[in-house]
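The following exercises ask the reader to work through a structure step by step. Each task is followed by its solution.

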Amino acid sequence: MYSSPATINVLKPLDVANLPAGKTAIEIENLNLFYRQKQVLHDISMRIPKGKVTAFIGPSGCGKSTIMRSVNRMNDLIEGCKVEGNIRLLGKDIYDEEVDVSALRRRIGMVFQKPNPFPKTIYENVVFGLRLQGIRNSRVLDDCCEQALRGAGLWDEVKNRLHENAVNLAAGQQQRLVIARAIAIEPEVLLLDEPTSSLDPISTLTIEELINDLKTKYTVVIVTHNMQQAARVSDYTAFVHMGRIVEYADTDTVFTSPKEKKTEDYITGRIG
Ligand SMILES: Nc1ncnc2c1ncn2[C@@H]1O[C@H](COP(=O)(O)OP(=O)(O)O)[C@@H](O)[C@H]1O
Ligand SMILES: [Mg+2]
């Protein structure tokens, strides 16, 4: 379709190096992380914008998952893990003594590489978090279930089989179900750690389209080692190498005119 120059979107990307507080979802400041004696994250400072998709790319073992786990305090569960520095969610320190970690994880949903539905019905998977919150009204639960499944682009495929076991769904559907489960409790942030790496190309495409819809309501952070995926789905990209952020900017800049030689080497396949 012809679009006149006036309708072409000319919005400039945000300058993530100078993101104002009002546009920041997550602020990471001087983050150092150790597994026992071994330091795996080095002095990471960055601001992740609200209502956008931010991708972390980098070779296997560079620390991408560790960064994600720091953001919802999953690293608390790992013995010998020590965290230094600050992480703020909408301005509030998440490592503050007074933070209720379960409440924090409700605000920051996480989806992993392998779909992990509970061995329960589709319906019970989606309303799981709501039941935990003590919601019993079945009309409320039914409505939330439908909304979450619609939000995850799965409703039409499962609306007639809500009471079947979720483990019988195809892998791509399971992953969308897990996303529905995560959004049913209306988190502020969704962390997706290589959400499509165990899926076929069609399911991957479906999830990528879904990610684009999700950012209208949530801040999305995605780890991927598929650079084409990062280029397709994200607004901003951080390149991580050996536990450091080498470069972080809008995705176009990172992929078309990176400032750092290491980034260029990585995206052109010279390091990996
Ligand atoms: N639970 C753990 N205990 C000790 N070392 C770990 C643990 N988890 C990850 N690591 C190490 O931390 C580094 C970063 O890992 P990770 O964050 O999983 O990387 P990525 O997600 O980029 O592949 C790697 O060297 C990995 O071996
Ligand atoms: Mg990982």
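**Exercise 1.** How many residues lie between β1 and β2 in the hairpin, and which residue in the turn has a positive phi?

*Solution.* The model is a predicted one. Begin with the two strands, β1 (residues 24–35) and β2 (residues 38–49). Two residues lie between them in the hairpin, and R36 in the turn has a positive phi of about 55 degrees. Next, consider the pairing: β1 and β2 are antiparallel and share eight bridges. In this pairing F34 stands opposite Q39 of β2.

**Exercise 2.** Describe how helices α6 and α7 are arranged.

*Solution.* The axes of α6 (residues 171–184) and α7 (residues 201–214) come within 9 Å and cross at roughly 20 degrees. Because angles under 35 degrees count as roughly parallel, α6 is roughly parallel to α7. Their crossing is right-handed. Residues making the contact include I179 and I183 of α6 and I207 and L210 of α7. The contact residues comprise five nonpolar, four polar and one charged.

**Exercise 3.** Is C145 buried or exposed?

*Solution.* C145 belongs to helix α4 (residues 138–151). Its relative accessibility is 0%, so C145 counts as buried. Leaving aside residues up to four places away in sequence, C145 touches Y123, V126 and V127.

Key:
Residues numbered from 1 in each chain as written. Chains lettered and ligands numbered in written order. Predicted model: local features only at pLDDT ≥ 70, side-chain atom pairs only at ≥ 80, totals over all residues. Heavy atoms only, no water. Helix = DSSP H or I, 4+ residues; strand = E, 2+ residues; numbered from the N terminus. Buried < 20%, exposed > 50% of the residue type's maximum accessible area, 1.4 Å probe, protein only. Contact = heavy atoms within 4.5 Å. Axes fitted to C-alpha atoms, helices over the stretch in contact; angles between N-to-C directions. Parallel < 35°, antiparallel > 145°, perpendicular 65-115°, else oblique. Left-handed = near helix turned anticlockwise from the far one by under 90°. Nonpolar A, V, L, I, M, F, W, Y, C, P; charged D, E, K, R; others polar. Pairing = 2+ DSSP bridges.
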